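Work through the exercises below with the sequence and the structure at hand. Each task is followed by a solution in steps.

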Amino acid sequence: MTTTAAKEIRPVEATTLPGGDQAPAAPCRLCGHVLRHGFVDLGMSPPCESYRTAQQLNQVEAFYPLRVYVCAHCLLVQLEAYVQPDEIFTEYAYFSSYSDSWLKHAAAYVDMIRTRRGLNARSKVVELASNDGYLLQYFLPKGIPVLGIEPAANVAKVAVEKGVPTRVEFFGTECARRLVAEGHAADLIIGNNVLAQVPDLRDFTQGMKILLKPDGIITLEFPHLVQLVEQNQLDTIYHEHFSYFSMLSVRRCFELHGLKIFDVEQLPTHGGSLRVYGAHAEDAAKPVSAAVTELVDQEKQKGLERMEYYARFEVGARRTKQALLDFLIQAKRAGQTIVGYGAPGKGNTLLNYCGIRTDFIDYTVDRNPYKQGRFLPGTHIPILHPDRIRATRPDYVLILPWNLKDEIMNQLAYIREWGGRFVVPIPQPTVYA
Ligand SMILES: [Zn+2]
């Protein structure tokens, strides 16, 4: 597979800043300015979706820095693209349809947007990073034409089997021009949790500008940087997430490419997300809503235009690490057993940053059969079938995908039969009886 995105990656040439900090020579991926301000350094970690097989456990494993910067000019919080995108995304282990609550969220979105946009059999809906068709499938019974763009072939194959037309490629200007030439100009472009994962942000955003019909709209969902900072969500930082957006930075990104954000909603998903509504800057029929100006003002009041706001984050990350290790050490000293639930990307950042291996956590479980029988990257904690929990009756279940904690505590309510308890690591380690 060839990718335009992968070609854009520059080698890392570290330059020394005053104070001895290492800064990448690569400029801001949105505005091109030099990055001088650190956000957080989580040390070295393996790419978090590179689950290991038993045969791979004795082989060399690649670790890359998880060092995040904030651009003083455009306020984009960003991680250098240390890992090649085609290394991450061509065989992706994340199947969106394994989460019940995410499926419900997708179905509710489709009902809402069909009404709001008046979509019908003559419309065209294009989803970027459409994964296994978890969302586009809900347009099919309504007779609305859809097209998914998904770079991971193994995930796209599942979508096609569901009847969701899907192309296996990376999205950008080249792909957008081809789609328009083939008659796929979009009334609605959807991008859920993809903007963060785009290494060439400018080419991607320009691609949306090209693909969008003159009166079309874009909806993007992404975790809100303000939640990341305030809820101490350090584990949402991993190599696949190149950018972390506030309203201020996503608005700048749109403006630089002839687009505007005319509405926004705050969602509880993924620990607190924004859903922004975009249109062509020249589309006068879509005035900017009060919700947009209010959120922009809120972010300014919180201090997001000042570098001090970002500098605080690392202190909170270290506190979370210390508190989680305190809890685990006390539990082990008391002779208690701890297992994990879930094998999400975010779990791998947390476990590697904290140095938690099978010395603390016997195993983790996941409903995704792709992950079962494999091992977590870096920490090599085995991933088993969820039934294992009932068989081994652990004292604690550490919930790694904390954004789904209510759903998981319901599914695993039976651990209370033997006095088992849940632990949620973020924002501070908390035990639920
Ligand atoms: Zn910038």
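The model is predicted.

**Exercise 1.** Find the two bridged residues that link strand β14 to strand β15, and state the sense of the pairing.

*Solution.* Start with the positions: β14 covers residues 338-341 and β15 covers residues 364-365. The two strands pair in the parallel sense, over two bridges. In one of these bridges, G340 has T364 of β15 as its partner.

**Exercise 2.** Which strands stand at the edges of the six-stranded sheet?

*Solution.* Write out the order of this open sheet: β16-β15-β14-β17-β18-β19, with mixed pairing.

**Exercise 3.** Describe the site of the zinc ion, from its donors to its geometry.

*Solution.* First list the protein donors: the SG atoms of C28, C31, C71 and C74, at 2.2 to 2.3 Å from the ion. Next take the angles among the four donor atoms, which are 101 to 116°. Tetrahedral requires all angles to lie between 85 and 135 degrees, and the site of the zinc ion is tetrahedral. C28 lies in the loop between β2 (22-23) and β3 (37-45), and C71 in the loop between β4 (64-70) and β5 (77-79), so this pair ties together parts 43 residues apart in sequence.

**Exercise 4.** Are C28 and C71 buried or exposed?

*Solution.* Buried means under 20% relative accessible area. Both C28 and C71 are buried.

**Exercise 5.** How do β4 and β5 pair?

*Solution.* Their open sheet has the order β3-β4-β5-β11 and antiparallel pairing. β4 and β5 are joined over three bridges, and Y69 has Q78 in β5 as its bridge partner.

Technical notes: Residues are numbered from 1 along each chain as its sequence is written. This is a predicted model: local features need pLDDT of at least 70, side-chain atom pairs count only at pLDDT 80 or more; totals for chains, interfaces and linings use all residues. Side-chain values use heavy atoms; hydrogens and water are left out. Two strands pair if DSSP finds at least two bridges between them. Helices (H or I, at least four residues) and strands (E, at least two) are DSSP runs, numbered from the N terminus. Donors are N, O and S atoms within 2.8 Å of the metal (3.2 Å for Na, K and Ca); water is not among the atoms, so sites may look incomplete. Four donors count as tetrahedral if all angles lie between 85 and 135 degrees; four count as square planar and six as octahedral if opposite donors are over 155 degrees apart and all others between 65 and 115; anything else is irregular. Buried means under 20% relative accessible area, exposed over 50%, partly exposed in between (1.4 Å probe, protein chains only).
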